[in-house]
Amino acid sequence: MKRRISILTRISGLWHMLCMVLALGLIAGAAQAQVYKVRPGDTLRIEVLEDSSLNRSVLVAPDGRISVPQAGTLRVQGRTVEAIQNNLTQRLASNFASAPNVFVSIQQLAERRERVPLPPEPDPVITIYVMGEIGKPGRLDVKPDTNVLQMFAIMGGFTKFAATKRIQLRRGTDVYRLNYDQIESGGQGGQTMLQDGDVIVVPQRRLFE
C-alpha cells in the first residue's frame, strides 16, 4: 500500500512539473508576441469567443491596416499583438452586452526579402573623336572634366608628320585652332574643357612647314 502511494506521489509530482514547464512556455511565447511589432505582410488570427462569425485570418495591408467586420479599419503596423487585441475589444464592445473576449495572434510572419545590392553605376564619360597624325586615332571615351592638353596625352601624342601648329577642335559647326607648341609653352588653349562629341583633327605637315 505504501509503495502504491509513493508511485502515485511521484506521478503527481511529474505531472505538476510538466504543467509548470508548459505554463512557462506559454508565458514566454506570450511575452515574445507582445514585444513583436506587427508589420505589413503579416497574417493575424482574430478570434472572438462570443461570436465565432467574427473569427478570421487577416493580412496586414501595405499601408499597415486591417479591416474587421463591426470594428472597421484600424492601423496595426508597429503595434504589439496585445495593443491590437485591446483596440479590437474596445471597438467591438458596443455590439455585445459586455466586453467580448477577443484573442489576437500572429498566424504567419511576412516573408523577408533580402535586398539585392544594385550594381554600381558606371562612371560618366564623354566621347571624343580624334583623327589625323596621332598615336591613337578613333573614338575615345574620357572623363567629362578632361581638357585639351590632357587629351593630347590620352590620344597617344603626335606622329613625326603632325602639323602641331594647325590642330583643329571641331565642335558642331564651329572650328577652333589650337597651336600645340604655344600650349606647351604655357599659352592659351590647353585648359579648354572638352565636350561630348568634340572632334580633334591633327593635319599632316606641309612640305616646308
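In what order do the elements of the chain run from the N terminus on? In this predicted model, the order is α-β-β-β-β-α-β-β-β-α-β-β-α-β. The secondary structure comes to four helices and ten strands. The chain has 209 residues, and 30% of them count as buried. Among contacts between residues at least 6 apart in sequence, 50% join residues at least 24 apart.

Three of the strands form an open sheet. Their order is β2-β1-β5, with antiparallel pairing. Strands β2 (56-59) and β5 (102-108) stand at the edges. Each has a single partner strand, so one side of each is left without a neighbour in the sheet. From one strand to the next, the twist averages 30°. Strands of a sheet pair through backbone hydrogen bonds. Strand β1 (residues 43-48) is joined to β5 by six bridges. Within this antiparallel pair, Ile46 stands opposite Val104 in β5. Helix α2 (residues 81-92) packs on the sheet and touches β1 and β5. The direction of α2 makes about 135° with that of β5.

Thr164 lies elsewhere in the chain, in the loop between α3 (148-154) and β8 (167-171). Is Thr164 buried or exposed? Its relative accessibility is 17%, so Thr164 counts as buried; the cut-off for buried is under 20%. Leaving aside residues up to four places away in sequence, Thr164 touches Phe158, Leu178, Asn179, Tyr180 and Asp181.

Technical notes: Residues numbered from 1 in each chain as written. Predicted model: local features only at pLDDT ≥ 70, side-chain atom pairs only at ≥ 80, totals over all residues. Heavy atoms only, no water. Helix = DSSP H or I, 4+ residues; strand = E, 2+ residues; numbered from the N terminus. Buried < 20%, exposed > 50% of the residue type's maximum accessible area, 1.4 Å probe, protein only. Contact = heavy atoms within 4.5 Å. Pairing = 2+ DSSP bridges. Axes fitted to C-alpha atoms, helices over the stretch in contact; angles between N-to-C directions.
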